[in-house]
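Open the model in your viewer and keep the selection tool ready. Each stop below tells you what to pick next.

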Amino acid sequence: MLMAAKIALFKDDLKAILAFSTVSHLGLITFLLGLGTPAAASAAMLHILAHASFKAALFMVAGIVDHEAHTRDIRRLGGLRAAMPLTFTIALIASLSMAGVPPLNGFLSKELMLENAAQADWLTPWLVAILATAGALLSVAYSLRFLAHTFLGTPREQHDAHDPGPGLWAAPALLAGLVIVSGLVPMATFGPFVDAAASATTGTEIHAHIALWHGLKAPALWMSLAALGGGLACLGLYPRLRAIWDATPRPEAKTIFDAAIGALAGTSRVVTSTLHNGSLSRGIFATMLVILGLGLWAFLSGPYQPGTRAMLPVEGAPLAGWAVLASAALATLFRHHDRLLALVLTGIVGLLLSAGFAWLSAPDLALTQISVEVVTILLMLLALNFLPQHSPRESSPFRHARDGMLAVATGLGAGLLAFALMTREPAFSRVSEFHWAQSKPGAGGTNAVNTIIVDFRGYDTYGEIIVLGIAALIIFAWRSAVLSSKTALHRLASIRMAKNAGDPHPLMLVMGTRFLMPLALMVGVFIFLRGHNLPGGGFVAGLVVSIAFLLQYMASGYIWSERRLRFDHQLLIGTGVLVATFTGIAAWFMGWPFLTSGYDYVHIWPLDEIELTTASVFDLGVFFCVLGAVMLSLATLSRLAQHTTDRDAGPSGKESL
Amino acid sequence: MEIFVAATVGLLTAVGVYLMLRLRSFPVILGLTFLSYAVNLFIFAAGRIRTAAAPIVGTTDTPTDPLPQALVLTAIVISFGMTAVIVMMALGSYLELGHDRVDPDQGEDDTPAPAGKETGA
């Protein structure tokens, strides 16, 4: 409030004066609201109205002056009173109101402001009052300067200015009228508005009492008088004050802002270029370190008591499985330079993990994990065909030790956190109690995991198959990019497919997988259909069917299989997403929200009673999406294989099968 | 058995983090696979572990928590999708650059670049 008022006093552009005075008045209103008393709130509301009326009029006056005199520079104006009497009258009323001269409306709100400031007690009882008076004083000074330097005195330059037509002066004149009327009878004009706004602001019923005269004892009167006198003195001493102002250096907001932003940007550049210099391992290291630090901080800043939940008894068979899993994981760690071996060991870990899921009452997870494991390992095996078979040993001992320590620390943290979690009862009742209770009556399926996926949290699953579809499309786009790059094609052509086996296509494997194909497809359909009631469902079924196809690629070669596979993978993914979408939209026609499912039982002779659910159709979309995504990645590798040397046309080179 | 499940989470995390900090793309991918095993097992274990209590209506009255299972199931499939993407990206960068280092700071081609001028572009 004070600062903007001071700046307004030393601006030369009429509009700049008014703009800074607006900033000052906004400061005043905020100050009043900040006082927090009902009286201050109603003063603030009154000032909003008063300020709107006189400031709008003044801006229009500035516009008129600019229009007539062709300049808004107050140093070139002056003495316009004679040439523009009407505009002068309007400016006189409005700027005296801004200065807080009675009986205009600016006086009312300024009085209330000073009254409230006089009652405020901050640090000392009189500090706020002095500051408020100083603000009022500056306000008087710039108001009078606006008026006097524009309209009074002698003309500093020759302008053939004259009053404009009523189109230009009517609006400010109306506002000037309002300034006078609302100043004379405030309760009848602004009273209801102020009451309503102040009541809404404070949340209590307020009836403001606005009056011109509060008596001689009111401190506001004397503060007002001091402000008026001081303001007039400022105007009189203006050239001298101006010289002091121009001579003193002052902070420029823009410079401060630029410096602050520059410092911030510089710091972030340094941080980014240190942590994120393109080195993946450095980025991962920093991320892990931060996660570890945050976890440690969270642990150390709270109390800790050991958990009390009863634990499962240790059993022999699971323990043996655990030992194998742990050895395989450790072996991967130490033998990862041999990539094929590491991949096989990873597969062992994944398979034992799925056995663990089965043991811990998660048959759906076990099915999914085992089929994903097969697909992932096969895909990576196929990809390994194109990559070096060994990783060179190139890390320094320091690096090994550093990475090892971080790995052990994160592993310990994650393990202890999991242990702490498992040895405690949940803090809140489980959401899934609802899912369990509603699985059969609400979603029509007995497999609670599947009903959660396709029904209760169907929207989530819908998003996930879209993500999967996008991942597959990224692979598709990547394939186009690689196959159009000359370098990549050259390098592909120089790759010789590893020929470790004597016969790349053993007859038993080729024939066996072909017989297995229809069987595997049937298993896929079976798993899909039972999914709603027993472990299974669209995700697993999609993976099982993909494995059936993958086997053909493994046994008979990329090219042979590719020629016989006549469907478009992108189309499959698109179909999946659309099927899921339309299942969701169909619910709208029943007047239900998106993805609400329904179900019914039908009898088709000679089959048993069959349950039909819309959730199954949704699951079909999931199935298509998963199948399409897996097949697309596979097809990508097979496209690449077609560009290598030793193109492998399939079993015995015959194309007749 | 809780202690062994927790130890598995810890071990898989440690192996995953260590492999992710290696300098070649293939171990990094394996590391990511291990880390997703660990995360999936962790989320699953957050539902508390029970044996012989598969959440299938009619087979038990006190089932294990089905919600983490549903979350992990989709997570497994999504992590497959992501693994497939990074496998392809690793393959692409190898074919394009002639090496499979994940850090840009050092290194020439491992394999002699075939005729062609865009090498390393």
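Select A:Gly576: this residue is buried, at 0% relative accessibility (buried means under 20% relative accessible area, taken with a 1.4 Å probe and protein chains only). A:Gly576 sits in helix H25 of chain A, residues 569–589 (helices are DSSP runs of H or I, at least four residues, numbered from the N terminus). The model is predicted: local features need pLDDT of at least 70 and side-chain atom pairs 80 or more, while totals for chains, interfaces and linings use all residues. Residues count from 1 along each chain as written, chains are lettered from A and ligands numbered from 1 in written order, and side-chain values use heavy atoms, without hydrogens or water.

Beyond four places in sequence, A:Gly576 touches A:Ile465, A:Gly621, A:Phe624 and A:Cys625 (contact means heavy atoms within 4.5 Å).

Next, show helices H13 (residues 280–300) and H17 (residues 397–422) of chain A. They pack at about 35 degrees, axes 10 Å apart (axes are lines fitted to C-alpha atoms over the stretch in contact; angles run from 0 to 180 degrees between N-to-C directions). Among the residues that meet are A:Phe285 and A:Leu289 in H13(A), and A:Leu406 and A:Ala409 in H17(A).

Last stop: A:Arg399, in helix H17 of chain A. Is A:Arg399 buried or exposed? A:Arg399 is buried, with a relative accessible area of 16%. Setting aside residues within four places in sequence, its contacts are A:Ser281, B:Leu21, B:Arg22, B:Leu23 and B:Asp103.

Terms used:
Helices (H or I, at least four residues) and strands (E, at least two) are DSSP runs, numbered from the N terminus. Buried means under 20% relative accessible area, exposed over 50%, partly exposed in between (1.4 Å probe, protein chains only).
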